[in-house]
Amino acid sequence: MIDFSYTALILLIPLFLFVLVGLFGNRFKPLVSGVIGTSGLFVIWVLSLFTAYKYFFVLEKATDGSFQKLLAVNTVWLHLTDKLHIDMGVLLDPISVMMLIVITTVSLMVHLYSIGYMHGEKGFQRFFAMLSLFSFSMLGLVVATNIFQMYIFWELVGVSSYLLIGFYYTRDTAVAASKKAFIVTRFADLGFLIGILILSYTTGTFDFITLTGSSSPAFSSGQGVWFLGLSTMTWSMIFIFMGGAGKSAMFPLHIWLPDAMEGPTPVSALIHAATMVVAGVYLVARMFPIYIHETAALDIVAWVGAFTSLFAAVIACTQFDIKRVLAYSTMSQIGYMMLALGVSGYGGHEGLGYMASMFHLFTHAFFKALLFLGAGAIIHAVHSNYMNEMGGLRKYLPITHITFLIACLAIAGIPPFAGFFSKDEILVAAFHHNKVLFAMEYAVAGLTAFYMFRLYYSVFWRKEVHYHHTPHEAPATMTIPLIFLALGSTFTGFIPFTKLVTSDGLPFEIHTEWGIAIPSILIAVVGIAVATVFYRKENNIATRLARSMGGFYTAAYHKFYIDEVYLFITKRIIFNYISRPIAWFDRHIVDGTMNGVSYVTNEASFRIRKFQSGQLQQYAIVFVSGTIFLALLFIYLWTN
Amino acid sequence: MSFLTLFIIIPVLTVIGILLCKNHMQVKWTAVVGMSLQLITAIVLIFLFLAERRAGNMAEILFIQDNLWYQTLNIHFFVGVDGVSVAMIGLTSLVVFAGIFASWDIVDLPREFFTSLILLASGVFGFFISLDLFTMFLFYELAVIPMYLLIGIWGSGPRHYSAMKLTLMLMGGSALILLGILGLYFNSAPGGGPLTFDLIQISKVHIPVETQRFLFPFLFVGFGVLGALFPFHTWSPDGHASAPTAVSMLHAGVLMKLGGYGCYRVAVFLLPEAAHQLGWIFLILATIGVIYGALGAVWQKDLKYINAYSSVSHCALVLFAILMFNQTAMNGAIMQMISHGIMTALFFALIGMIYGRTHTRYINEMGGLMKVMPFLAVAYVIAGLASLGLPGFSGFVAEMTIFVGAFQNADVFHRVATIIVASSIVVTAVYILRVVGILLLGKIRNEAYEMITDAKWYDKISVVALIFGITVIGIAPLWLSDMITQGLGPIMQKLLSAAPMLH
């Protein structure tokens, strides 16, 4: 048995860095906090690699030959009921170890890149403090030993994301975007919370190992029909997926992600491309042994994923802000991952979708982070986000150009780049599950190739733009991460995921199904070819095509008006028709009643006061008339 | 003499000291010394209490002192603490300590101001330590009356109206409480023998269910008024808006907790059957209060109104949790009182400091303050995040304990109520981020604010002490939660034994 308790350091180091730089950052020179943050990340990157090596290759397997689920650290944080208690700890299993690699690698690259990218920005220290906070929260999320710990860190990544999107806080758009991101994901988290409440009440535990073990209480309890023909457990899984859908920007909770691009580009690369937005996928993967029993919930996962991937890919074809194109592309790719989980079975080759999903999550982190960091280098060089203001940049930014091309090939699914392998497995899994889903994803593959190369040609080829300053290549702190991630995007596809990360922890064999792989390569090539015709040289084919599509193009360009729908619901209905009347009601009805009571009391005492006038004559009149009245009354009563 | 008497003696000595002072500076420093001593005593009390428990002293009440005070009616000066009251005392001393520093700038009549403030505090301390219903009530009144003077004299805006409204509504509440207490008194010895106000003794007596049903509304509504029970909460927005900073802090932070504490300690503890039977009515009111307060806050433009409505929502959550009648939710209720107490004190302190610099509380007239007062702005963001229940701060711990506890009641009514209440976390996020966005971020809207200075040293002490409080509980809640749980033993037993009698 290997002692893994040192893995607590993977969480504690970034937490310490956050406190250090957050409290005392202003006393350091900016560069110092950057270096402190980056070297701290380097340490935990090494620790994570070491852990992965130990876990996958040294640690003995469980009795059935699968990878163990291991509690490296675990302490009670809070007692709730007799059975329920929240623990804090580190759970090691194939997916959490894989996520450690993804997060620390991308985070390290982003830290290094930010030293160059954020150079001279006001709030440099604050930026690095927030990055450390984010790394801490994200790592805590993936190593969570129980669902409540996950929820806690889930909220913390949400707030780090809020703080980083709103980094340029004097810009109104950034403030609005950060607020939107927080509130939309918070709404989704409410679903997550309700799901947790139902799940924990039904099963009596938060613990992942118990919940996802072979004799999980989740399989036996809560199976009766509860609401709308679905069982309690199914509902709890649907609610939990709502949380995942919010964080992973699945339709219809996706609206925050495109706006989140207001944050600094390294943040978009780290949080909104490679790590935080895949938390939803990770959550479903974590609970997968339960989902597999709740087919209705799993179908929702599949269809939401598939629809989002198609929906986002269509919008991505129409956007001009390069970061927004990438944001929609991220949504689309996460849709792929969700779909893959949704179509997966459990155990051995049945669990192909699960493996493919995790595989795609891994490769996607590399090429999408690369695309964002490349976009950052481009924006850095030309000071614009809009691709129609760019062109011909390949001469000025050679390194960015080559690495960006590699990322585009990887995401388009051209072999031998990483994206091909993982996407191919997803398509195979979808093909064997449901042909409609397969057809949707097949179309998305073509669209992906098209919009990525639309972006690529528009930025690096097309026309010669006259720039105010001649654009120049980024400094080494920025190009080294680009090169590193490009290597990752090229070679990670060869990692034998079927031997490492599978639904039941047991390795299995796969053979490339050329019947699916070749058409998928072909459609990617067609997408690239179309993009080449449209965008390589300046011409008006694309504009003419857009015009011929009429309303559909306009709708896609306006992101199918989903934002407007939300705005209508929140601003009009909730703000104007609920909150405002409540404020009025409180002031005038509730408070009015209270004031009314005091008014009546006041008025009554004002009237009564006249009796106490102090005038003797008046008292005498009252006395005499009272006596006469009583006397008459008694006489009347007497005589009857 | 019990250690607890110090909590009355220190404020009284401080008040005497203040009256002897010659100038402003001396007054302030006397107050600081007195309240720092009080805070230290409270911390010592927490440690002593935990040490006793660890040593295996599982007595229901610790540090008891019992003196006969007025023989004819058998009134005692009977004090003692359990885990719950220790926690409340810790809260009170922290808020009072921070409140002294937050009112450092007071110019008019500082001597009288600090005297009333500390008198108020001594009332609150007395309330939390007493176990004799009459003494408890006496201290309760002692806490409410200085409030009238503090708002009426040092307040702002329509202060006379607000002070009068607040005092009248709270007095109405106390009238109900007094009736309830007398009712308990006359039922305290059903088998003959001397009548008593002793809370512990009454808790051991079985009061007939019909009598309980009659008394429960008096006590619950009476204390509920102070705990901002819907629809008796309207004193809160006006009262807070007019009150000076430290008074708002103490009022929302501590005084409103007297309501929740009273509901828990007197109404539910002594009348468990009636609580079971009538609880649903108040549960509906509390559920409405949570959502209503939160939605009401969304529309407000005055910082103090926003926080007053937010307090209505958070305090209604306390009552909601108490009415769930299980240990987890009760524990959450107490933690929510502590958490909300510190948090809201922090909010009102910051609002006071911001108002002192900008001379307005309307969020639309400010903007971009992050640039000119980073310390206060960051503190405000922290307070906001704590208020919307971010993990790492006390609010999260309390809310989650309440939700998990409430969910243990498996019937549809409680489930629906819990889900409605849980949805307030979204609304809270909306109004908090709205304020942060308008007030602190963006560009500076008023050029005059370019010259504003950031927090002074005394502002920083006040703010840091409170932030420290919410963070410690938020990061390491186990000790507090365990301490409270032990204190809940007797009430849970009573509630459990009451439940089967109904069926």
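Mentor: Two residues are in contact if their C-beta atoms, placed from the backbone, lie within 7 Å. This is a predicted model, in which local features need pLDDT of at least 70 and side-chain atom pairs count only at pLDDT 80 or more, while totals for chains, interfaces and linings use all residues. Residues are numbered from 1 along each chain as its sequence is written, and chains are lettered from A in the order in which they are written.

Trainee: Which residues of H1(A) meet H4(A)?

Mentor: On the side of H1(A) they include A:Ile10, A:Leu11, A:Pro14 and A:Phe18, and among the residues they meet in H4(A) are A:Phe128, A:Ala129 and A:Leu139. By class, this contact has 12 nonpolar, five polar and no charged residues, where Ala, Val, Leu, Ile, Met, Phe, Trp, Tyr, Cys and Pro count as nonpolar, Asp, Glu, Lys and Arg as charged, and the others, Gly among them, as polar.

Trainee: Why are H1(A) and H4(A) called roughly antiparallel?

Mentor: Helix H1 (residues 8-24) and helix H4 (residues 124-142) of chain A pack at an angle of about 155°, with their axes 8 Å apart. Angles over 145 degrees count as roughly antiparallel, and H1(A) and H4(A) are therefore given that description. Such elements are DSSP runs, helices being H or I of at least four residues and strands E of at least two, numbered from the N terminus.

Trainee: What makes strands E1 and E2 of chain B a pair?

Mentor: Two strands pair if DSSP finds at least two bridges between them, and six bridges join E1 (residues 62-70) to E2 (residues 75-81), which run antiparallel. B:Tyr70 has B:Ile75 in E2(B) as its bridge partner, and in this hairpin, which has four residues between the strands, B:Asn74 takes a positive phi near 60°.

Trainee: How many residues of chain B are in contact with chain A?

Mentor: By the C-beta criterion, 39 residues of chain B are in contact with 38 residues of chain A. The largest share of the chain B side, six residues, comes from H18(B), and the residues on that side divide into 25 nonpolar, 12 polar and two charged.

Trainee: What share of chain A is buried, and what does that word require?

Mentor: A residue is buried if 20 or more other C-beta atoms lie within 10 Å of its own, and buried residues make up 55% of the 640 residues in chain A. Chain A has 26 helices and four strands.

Terms used
Buried ≥ 20, exposed ≤ 12 C-beta atoms within 10 Å, placed from the backbone. Axes fitted to C-alpha atoms, helices over the stretch in contact; angles between N-to-C directions. Parallel < 35°, antiparallel > 145°, perpendicular 65-115°, else oblique.
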